[in-house]
Amino acid sequence: MEAVVDELPVILGAFWLTVKLTVVSGLISLVWGIVLAAMRVSPLPVLRGAGALYVNVLRNTPLTLIIVFCGLGLGTVMDVQFSDDLSLNSFWLSIIGLSAYTSAFVCEVVRAGINTVPLGQAEAARAIGLTFLQTLRLVILPQAVRTVIAPLGSLLNALVKNTTVAAAIGVMEAALRMKNLFDAHGDAIIPIFLGFAAGFVVLTLPLNLLSGRLARRLAVVR
């Protein structure tokens, strides 16, 4: 237990990095996922096909493989650089991988929400002269997003845990820091593990409670 107390600043720093990975990736995934959902319900076959291809490929590719591709393929082979600082560059490469992967799931959740909106509302919007994008933005998406708050909360919860995969390219988030502490304090593995497990519970449990509460308050009454 003393090892956990001594390393508390390091542990808190690792969890802060986990939070930053989650927040930035979550925001990008939400925006890109909504764009993908719009593509998948677009009247243009090319956009529907491109959206379906992206979603099916990313959803069926292991996240670890995506993160490693971002670190080695983009970072090393293609020399994509966001900063001269190696750790900061790895952070942003991880953001790309996490966002690309999570947005595919966001897309399917939002598309399911779009399918819950009565078809008559879209037809009424077109009847008064609204374009497809205007109908989507003003009529469909506001209702669709409200119906899928709980599933989106579950995805954000999963994203918190998925950030541990960023350790594969050297991002010093909670999982990699825990491994390093295991190596440094082999006699205190159980306290260290329990400390990190408690940290993830502190991050994920409020998300579950908040998303459930928002889903109940913002539920669409038909």
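Modeller: Start with exposure. A residue is buried under 20% relative accessible area, exposed over 50%, and partly exposed in between. Arg111, with a relative accessible area of 24%, is therefore partly exposed. Keep in mind that this is a predicted model.

Biologist: How many salt bridges does the count come to?

Modeller: The count is 3 salt bridges. Take Glu108 and Arg40: their closest N and O atoms are 2.8 Å apart. This pair links distant parts of the chain. Glu108 lies in helix H5 (residues 86-116), and Arg40 lies in helix H2 (residues 8-40), 68 residues apart.

Biologist: Are Glu108 and Arg40 buried or exposed?

Modeller: Glu108 has 18% relative accessibility, so Glu108 counts as buried. Arg40 also has 18%, and counts as buried.

Biologist: Which side chain does Arg59 meet in a salt bridge?

Modeller: Arg59 meets Glu108, at 3.7 Å from N to O. Here too, distant parts of the chain are linked: Arg59 is in helix H3 (residues 45-59), 49 residues from Glu108 in helix H5. Arg59 is partly exposed, at 36% relative accessibility.

Biologist: Where do Glu108 and Arg111 sit relative to each other?

Modeller: They are 3 residues apart in helix H5, so about one helical turn separates them. Through shared partners, salt bridges join Arg40, Arg59, Glu108 and Arg111 into one network.

Technical notes
Residues numbered from 1 in each chain as written. Predicted model: local features only at pLDDT ≥ 70, side-chain atom pairs only at ≥ 80, totals over all residues. Heavy atoms only, no water. Salt bridge = Lys/Arg side-chain N within 4 Å of Asp/Glu carboxyl O. Helix = DSSP H or I, 4+ residues; strand = E, 2+ residues; numbered from the N terminus. Buried < 20%, exposed > 50% of the residue type's maximum accessible area, 1.4 Å probe, protein only.
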